[in-house]
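I'll jot down what I look up as I go.

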Amino acid sequence: MAPLYLIDEYSDLPPSHFALSDPEGLIAVSQTVSARLVWRAYHQGYYPCSPIGEELTLWWAPTERLVLRPHELHLSKNFKKQLRAIRREEQHAYAAIQVTVNQCFEEVIQACAAIPRQQDFDGGWISDEIIEAYSELHRHGMAHSFETWQDGELIGGLYGVSLGQIFCGESMFSKLSQASRIAFSHAVPFLAQQGIRLIDCQQDSEYLRSFGATLIPRADYEFYLQQLAYAAAPVHWPSGRISLDGQYIRAVSAGEDNDAVL
C-alpha cells in the first residue's frame, strides 16, 4: 500500500505519481498551510482542497488533470452576444460592466470561500490560513485575481497562481449570473498575452469543459511542469482594467488611486 505523506514547508515533497489510487489522487496532508508550501507543492504537481469538516489540509495530484490551452478557448454563441455588448463599451471610463486584474485579490478569495456550492469540496475549505497563504503569494506577484464589476460593484471573479508559463486556477465565484464566466473569458486572452501557455483547471467539471478544457494524463501534466513552470514569463502584472482581447485598458501603478480604474 502506498504511503500517505505528512508534509510541511520544509519537508521533502514526493513526486506526484506517488499519489494514492484510493482515494484517487490523494498524495499528502498537512497540518498548516503557508505560501512557501503552496509554491513548492504546485511545482510538484499537486494542489490543496479539503472536504467540509476536514481538520487537515488534503493535497491532490489526480490521475487526470483538466487543462485549457489559451488558444483553444471556446465560447458559446449566446455568450458571445453578451460579450459583444460588453466590448462595445469596454473603452468607456464608466462602462457598466468592467473586468480588472489584481484589483482586489483578498476580496475575491474571500468571496470564493463564502459562496455556497452544491458539492463536498466547496469553498468552505478556504480557511483564514489558506487566504493568508495565497494573499502572501499575491503580494510577491505569484498569485493573481480577475474581477468582474457591474456599476462599481464586485459581482464575480477568480484567482490562481502563476508558475512560469502555467496559470493554476484555484477558485471562482459569481454573485450574478455569468459574472465568473465574463471574468474567465477576459482572463484567458490576458494570460496568453502574459506568455501563459497552459491553464491548469485542476478538478474536472462540465462548467470548465464548456470553455474547451480537456483532461490529460498526470504524466503529461508533469511533463508540462518540467517544460513550462520554470520558463521565462512576465512576473509583474499591474492592477487595471483589461479588454476582451487581453490588453490593458489602463494599468495602475503602485501608489496610484485605484478607484480611478472603476
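Entry: I started with Arg-87 and Asp-245, whose side chains form a salt bridge with N and O 3.8 Å apart. This is a predicted model, so I read every distance as one from the prediction. Where do the two partners sit? Arg-87 is in helix 2 (residues 77-89), while Asp-245 is in the loop between strand 12 (239-242) and strand 13 (248-252). The pair therefore ties together parts that lie 158 residues apart in sequence. I also checked how accessible each partner is. Arg-87 comes out as partly exposed, at 40% relative accessible area. Asp-245 is partly exposed too, with a value of 34%.

**Entry: the other salt bridges.** I searched the whole structure for salt bridges and got six. One of them joins Arg-65 to Asp-200, with 3.0 Å between the closest N and O atoms. This pair also links distant parts of the chain: Arg-65 belongs to strand 5 (residues 64-68), Asp-200 to strand 10 (residues 198-202), and 135 residues separate them. Buried or exposed, I asked of Arg-65? Arg-65 is buried, with a relative accessible area of 3%. Asp-200 is buried as well, at 0%. The cut-off for buried is under 20%, so a value of 3% passes for Arg-65.

Next I looked at Glu-132 and Arg-139, whose side chains meet in a salt bridge at 2.6 Å, N to O. Glu-132 is partly exposed, with 40% relative accessible area.

**Entry: two domains.** I looked up how the chain is divided and found domain 1 (5-63) and domain 2 (66-248). Their centres, taken over C-alpha atoms, are 22 Å apart. At the interface, 24 residues of domain 1 are in contact with 27 residues of domain 2. How much area do the two domains bury between them? The figure is about 2,200 Å², with 64% of it on carbon and sulfur atoms. On the domain 1 side, Trp-39, Tyr-42 and His-43 lose the most area to domain 2, and together they make up 29% of what that side buries.

I then counted polar links across this interface. The number of salt bridges between domain 1 and domain 2 is zero. For polar contacts, the rule finds seven residue pairs across the interface, both residues at pLDDT 80 or more. I wanted to know which elements of domain 1 do the touching. Helix 1 (35-44) and strand 3 (47-48) each supply at least two residues of the side that touches domain 2. Helix 1 gives the most to that side, with six residues.

**Entry: nonpolar cores.** I went looking for nonpolar cores next. The largest one has 50 residues, and Trp-59 and Tyr-134 have the most contacts inside it. At least three of its residues come from each of domain 1 (5-63) and domain 2 (66-248). Apart from this core lies another, of 29 residues, including Leu-83, Ile-86, Ile-182 and Phe-184.

What does Tyr-134 touch, leaving aside neighbours within four places in sequence? Its contacts are Val-38, Tyr-42, Pro-48, Phe-105, Ile-109, Ala-143, Tyr-159, Val-161 and Glu-170.

**Entry: two single residues.** I picked Gly-156 and found it in strand 8 (residues 153-163). Gly-156 counts as buried, at 0% relative accessibility. Its C-alpha atom is 4.7 Å from that of Ala-179, which is 23 residues away along the chain. Not counting residues up to four places away in sequence, Gly-156 touches Phe-146, Glu-147, Thr-148, Phe-173, Ser-174 and Ala-179.

My last stop was Gln-203, in the loop between strand 10 and helix 6 (206-209). Gln-203 is partly exposed, with a relative accessible area of 34%. Beyond neighbours within four places in sequence, Gln-203 is in contact with Tyr-47, Cys-49, Leu-66 and Leu-208. I also noted 9.4 Å between the C-alpha atoms of Gln-203 and Leu-215, which are 12 residues apart along the chain.

Conventions
Residues are numbered from 1 along each chain as its sequence is written. This is a predicted model: local features need pLDDT of at least 70, side-chain atom pairs count only at pLDDT 80 or more; totals for chains, interfaces and linings use all residues. Side-chain values use heavy atoms; hydrogens and water are left out. A nonpolar core is a set of buried Ala, Val, Leu, Ile, Met, Phe, Trp, Tyr and Cys residues joined through side-chain atoms within 4.5 Å. Buried means under 20% relative accessible area, exposed over 50%, partly exposed in between (1.4 Å probe, protein chains only). Domain bounds come from an automatic or database domain assignment. Contact means heavy atoms within 4.5 Å. Buried area is the accessible area (1.4 Å probe) that two parts lose on being put together, summed over both. A salt bridge is a side-chain nitrogen of Lys or Arg within 4 Å of a carboxyl oxygen of Asp or Glu. A polar contact is a pair of N or O atoms within 3.5 Å; within protein, one must be able to donate a hydrogen and the other to accept it, and residues adjacent in sequence count only if both atoms are side-chain atoms. Helices (H or I, at least four residues) and strands (E, at least two) are DSSP runs, numbered from the N terminus.
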